[in-house]
Amino acid sequence: MDQQSRPPEPFRSDATAQLDSVVLHADALSKKVASYATLRTEAELDREARKSAFITSYEKRDAEQYADACRRVETISLATAAIEDSGGPAAAREEMLSTNAVFSLFARGFAERLQVLEGRRKPARKLLADRLAELTESGTPFLMVERDSFVHALRIFEIQLSDEISAATGHLERSRKNSRGYSPMSFDQLYGYLVAPIPQLPVKPAATTPTA
């Protein structure tokens, strides 16, 4: 599989690796919070079973077990009510992913992304200059030079690179300010921008003659 047909790979760095670790802990917390709904259902079923046992036997032991089951349902219900009031599992996850430490990792990540993007600009411009010189020196008319597939690909790449640099710069500033003063953006949205594939330099075709 050549470079052009290989699927683009996500951007990875030391910061993205640490963010991945934070996500694992946040997902675990979200599942733990969500589990309270299941605990409440199980507690309610147990309470009904204990109630049935008591009204069948009227034994002190069954009465105590029924009372314990009632208290357990009350305790878990209070916990689930508090969870619902605070936004539920999704809110717990997002809160854990919105700390100052997380935004610091995002700032590092976008700084690393910018460094890689900026590093692509000089080689791309050199490739374009070399190709233009090659075509011009071979006597290729100007209009044919601009229609050359490799020249076209390099100009498109420069536009994509500029857009990516502008976006990464904006996300870097957002991260440095902990998103204060910016429109809302979830962790997953910002993370998606961070790990998006880096534009790849076009590969010069084997033929050196201009192609439409």
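Confidence in the protein is lowest in helix α5 (residues 142–146), at a mean of 86, and highest in α7, at 96; these values are pLDDT, the predictor's confidence in each residue, from 0 to 100. The structure is a predicted model, in which local features need pLDDT of at least 70 and side-chain atom pairs count only at pLDDT 80 or more, while totals for chains, interfaces and linings use all residues. Residues are numbered from 1 along each chain as its sequence is written, and side-chain values use heavy atoms, with hydrogens and water left out. The mean pLDDT of the protein is 91, with 94% of its residues at 70 or more. Helices are DSSP runs (H or I, at least four residues), numbered from the N terminus.

Leaving aside residues up to four places away in sequence, S30 touches P89, A90 and R93 (heavy atoms within 4.5 Å).

Attention now turns to the second largest pocket, whose volume is about 160 Å³. A pocket is an open set of points on a 1 Å grid over the protein atoms alone, where a 1.4 Å probe fits, with protein on both sides within 12 Å along at least five of seven lines; lining residues have an atom within 4 Å of a point. Grid points are joined across faces, edges and corners, and the volume is the space filled by probe spheres set on them. This pocket is lined by 15 residues, and E94, S98, F103, S179 and M185 lie nearest its centre. Two or more lining residues come from each of α4 (100–137) and α7 (187–195), with α4 giving the largest share, three residues.
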